[in-house]
Amino acid sequence: MAEPLIFEISRPGRCAATLPALDVPTTDLPAGLVREDLLLPEVGELDLVRHFTHLSQMNHGIDTGFYPLGSCTMKYNPRINEEMARLPGFAHLHPYQDEETVQGALCLMVYLQEFLKEIGGFAGVSLQPAAGAHGEFTGVLIMRAYHLDRGDVQRNVILVPDSAHGTNPATTTMSGLRVIEIPSDERGNVDLEALKAACQEHSDNLAGMMLTNPNTLGLFDEHVEEITRLVHEHGGLMYGDGANMNALLGVARPGDLGFDVLHYNLHKTFSTPHGGGGPGSGPVGVSEQLVEFLPAPLVAVDAERSDDEIEFYTLVTPAKTIGRIKSFYGHFGVMVRAYTYIRMLGAGGLRKAAEHAVLNANYIMSRVKDTYRVPQDRVCMHEFVCEGQFADAPGVHALDIAKRLMDYGFHPPTNYFPLIVHEALMIEPTETESKETLDAFAEALLRIAEEAHTDPDLLHEAPHNAPLRRLDEVRAAKELILRWEP
Amino acid sequence: MPYIPHSDGDRSAMLAAIGARSIEDLFTDVPERARFPELDLPPALSEMEARWELEALADANLSAAGGPCFLGAGAYHHFVPAVVDSFLRRGEFFTAYTPYQPEVSQGTLQAIFEYQTMICTLTGMEVSNASHYDGATATAEAVVTAINVNRLKRRKVVISPFVHPEYRAVVRTYTQGMGLTIVGDDDPHAGLPDLVDMVDESTACVIVQTPNFLGQIEDLQGLADAIHERGKRALLIVAADPISLGLLKPPGAFGADVVVGDGQGMGGGLNYGGPYLGFFATRMKHVRKMAGRLVGQTVDAEGERGFVLTLSTREQHIRRERATSNICTNQGLMVLAATIYMSALGRCGMRQVAELCYHKAHYAADRIDELAGYSVLRDKPFFKEFVVRCPRPVDEVNDYLLDEWGIIGGYDLARDYPHLENHMLLCVTEMNPREEIDALVEALDAVPSEEE
């Protein structure tokens, strides 16, 4: 049931948009600079609407079904957030308007900065980064700038656990720093002895460490305070990857645990939509000593233009800023959604969100762990990782289980990550799912485990009921057809 | 509690299954002294109260859609057909994530494949990725691509002073750990021939923008050849306004190696600066060095055509510290907006929007040029933006336009170019009917000669 490409339904002369007639005299077009043709599709409005409606029907979203994609926090995206972001007073603001005409927007940004500072336990927050990886990049550049400012020009080593998201090492390289990988121990924590040895070996060059906590196994590192102390002792700074912050809302503040920098993912923790792969938003929080390195601009109260009744908000540049990390001020439209979410939940609601995210993950784990091996049998946080392979049915792989889940109407978990777990399935249910959904998912996993033994080809050939059968990814990489050609 | 469906019964049954007495028991790994802090946040609101608060904040702003707006400078007020937002509101699109599982993500994947095709057509290039955060970060990633294409051996970057100041700033922020030498924009008068003179065999790339930050169409004829002649493997990176490409010859036709830009004007609103859309297109020979996600065509087990993310061996989740970029989440929904926008306007509509911008901007420029005290910079052809020398500082002119006429005026070029004091960058699009342009002309003519 493939849908034709929009180019294939194009017919000369059709157009789905109407534009006003020209109401001014014409001017000669610039000689030699005008293009001859532009081969974009020509479709009528109804054909266009049907095309994109059909495409939408081939997508699984949170709205269509359970989406336990580990590390991505696919929680419900509240409709009120969408409405608020589309208010004309937000949606139609030009970023270079005079500050006097955008006081409401700047006020929202100041308060969002304050909320995030309070939630994470930090002294300063920049809302500018566009996504999690962008926040990481911002944070690591801040760490680098801090050391350079102190004359510690040789500090170029970042420690990264072997369980880390791929963005951590990639970010380190982009920042001009060097990655040293630290192994995990049997309980899924950072291996303390290995960390001590690395800290000692690289003591003079240590810029810091990037740590996700809870880590990508879904486990809260039992030695987190010892880790942050060790890194600080050797002159390094602690970076927190906030991808898993949904477990910590009102539960623990990374700043209190010794983290110096952390990025938040508004599109994970704070309910803003993932958009089919963005736009996200990755604000960065920092401790006191790093505030002056934050990217420019920040939003602040302008004391001179404020009085007892009305605060005036303005854009400011921190003294030793790393510079500007993107155009304008960040993903403002995403900020409006996150602000709305935080205002509706309050402190109590945020804590409840984290608690129920953890409850839901532990519940699914309790239902499946006798069948799917969980390498670290501990209480998990908001997600857990199990093995998607059975010793007595080795021909079935995590990928087969993932694809078979589609036939049961579920989006597969993250698979083959983290790299340190064999045939990993990483399951993150989030707090917004009901017990019935979790039960149905657990039962599907258990049935699939039976099928793996009784009818393995059913899994090898899955999915059977998705819009398409299994796709040939090897062929795509070999043939490299990256655009349509007539 | 909003968005949490659990009943008391659910909670007890679930805790029993887990073998825990209370939810608090699940958090004993968290150091006790830091566990369950009292967060100092304002009290929770109901949906109705939240709406009131947000509406009050929105009402404290002046919507650029509420009156005439002639502000551009990298963020543009273009028309967005209703069909665009109707699909951005579809849960199947906006509540999905990166299409890692292609069998249940064909909608997103096919839309990106269509987008990649349209961006190639628009820019005259061979391959487009699935987006960057905005035009500025796409430009910075293009510089990183140029460094990688040259196997990290070339560290000099030449950039025109008329590339958007924020793009230039972001290039510097992105590359601060790479030991680059960035030249060109220290001379505010450097034209394209001056930039070519700076190219040598240590140069990784040259970056120009067209229309440039002053709205002028740069003459790209011969530029790529001159750069390749002097700099061998040096790349020509061109930042372009996609709306202008409805009318103008694409940078690909002039031999550009990478074309980037901001697609905000194609179906994205102003949104106070974001989220926008960075596009990035290049030659197939650089495909393995480029950043960002790529969608490719393949078949399923029954031979049906389908689409998947491909060449992910360049990317962070596979290649880790050797990845071409750390980018992961990009601008998926903005890509969808741009794809629907380009589909809706299509071959004729894109040209029509571009021509409306062009003719209206020239009409405005001609009329303003006739005013006493004003003159329009005319040393190069322009598209929808142009530079006006004003009789008074731009912020004073703008205050008058807004306070007395309700008009959002232009961008003050003295912010970035000291030699352009009293120079305003005005933007005219299809959204400005003749009456608004005439009102602007009348208002400018009425600007009092000094503070009164």
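## Chains A and B of a predicted model

Trainee: In which loop of chain B is Ala73(B) found?

Mentor: The model is a predicted one. Along chain B, helix H2 covers residues 47-59 and helix H3 covers residues 82-88. Ala73(B) is found in the loop between helix H2 and helix H3.

Trainee: Is Ala73(B) buried or exposed?

Mentor: Ala73(B) has a positive phi of about 60°, although it is not a glycine. A residue counts as buried if 20 or more other C-beta atoms lie within 10 Å of its own. Ala73(B) has 24 C-beta neighbours inside 10 Å, so it counts as buried.

Trainee: Leu152(B) also has a positive phi although it is not a glycine; is Leu152(B) buried or exposed?

Mentor: The phi of Leu152(B) is about 65°, and the residue is found in the loop between helix H6 (135-149) and strand E2 (156-159) of chain B. Because Leu152(B) has 11 other C-beta atoms within 10 Å, the residue is exposed.

Trainee: Which strands stand at the edges of the seven-stranded open sheet of chain B?

Mentor: The sheet is open and its pairing is mixed, with the strands in the order E1-E7-E6-E5-E4-E2-E3. A strand at the edge has a single partner strand, so one of its sides is left without a neighbour in the sheet. In chain B this applies to strand E1 (127-128) and strand E3 (181-183).

Trainee: Which residue of E6(B) is the bridge partner of Ile237(B)?

Mentor: Strand E5 of chain B comprises residues 235-240 and strand E6 of chain B comprises residues 258-262. These two strands pair in the parallel sense over three bridges. The bridge partner of Ile237(B) in E6(B) is Val258(B).

Trainee: Which element gives the most to the side of domain 1 of chain B that touches domain 2 of chain B?

Mentor: Domain 1 of chain B consists of 65-78 + 347-445, and domain 2 of 82-341. The contact brings together 24 residues of domain 1 and 18 residues of domain 2. Helix H11 (332-369) and strand E11 (385-389) of chain B each supply at least two residues of the domain 1 side. With seven residues, the most comes from H11(B).

Trainee: How many residues of that domain 1 side are nonpolar, polar and charged?

Mentor: The side in question is the one of domain 1 of chain B that touches domain 2 of chain B. Its residues divide into six charged, four polar and 14 nonpolar.

Trainee: What is the distance between the centres of domain 1 and domain 2 of chain B?

Mentor: The centres are taken over C-alpha atoms. For domain 1 and domain 2 of chain B, the separation is 28 Å.

Trainee: What is the radius of gyration of chain A?

Mentor: The secondary structure of chain A comes to 13 helices and 12 strands. For its 486 residues the globule rule gives 23 Å, and the chain's value is close to this, so chain A is as compact as a globular protein of that length. The radius of gyration of chain A is 25 Å.

Definitions and conventions:
Residues are numbered from 1 along each chain as its sequence is written. Chains are lettered from A and ligands numbered from 1 in the order in which they are written. This is a predicted model: local features need pLDDT of at least 70, side-chain atom pairs count only at pLDDT 80 or more; totals for chains, interfaces and linings use all residues. Two strands pair if DSSP finds at least two bridges between them. Helices (H or I, at least four residues) and strands (E, at least two) are DSSP runs, numbered from the N terminus. The radius of gyration is taken over C-alpha atoms; the globule rule is 2.2 Å times the number of residues to the power 0.38. Domain bounds come from an automatic or database domain assignment. Two residues are in contact if their C-beta atoms, placed from the backbone, lie within 7 Å. Ala, Val, Leu, Ile, Met, Phe, Trp, Tyr, Cys and Pro count as nonpolar, Asp, Glu, Lys and Arg as charged, and the others, Gly among them, as polar. A residue is buried if 20 or more other C-beta atoms lie within 10 Å of its own, exposed if 12 or fewer, and partly exposed in between; C-beta atoms are placed from the backbone.
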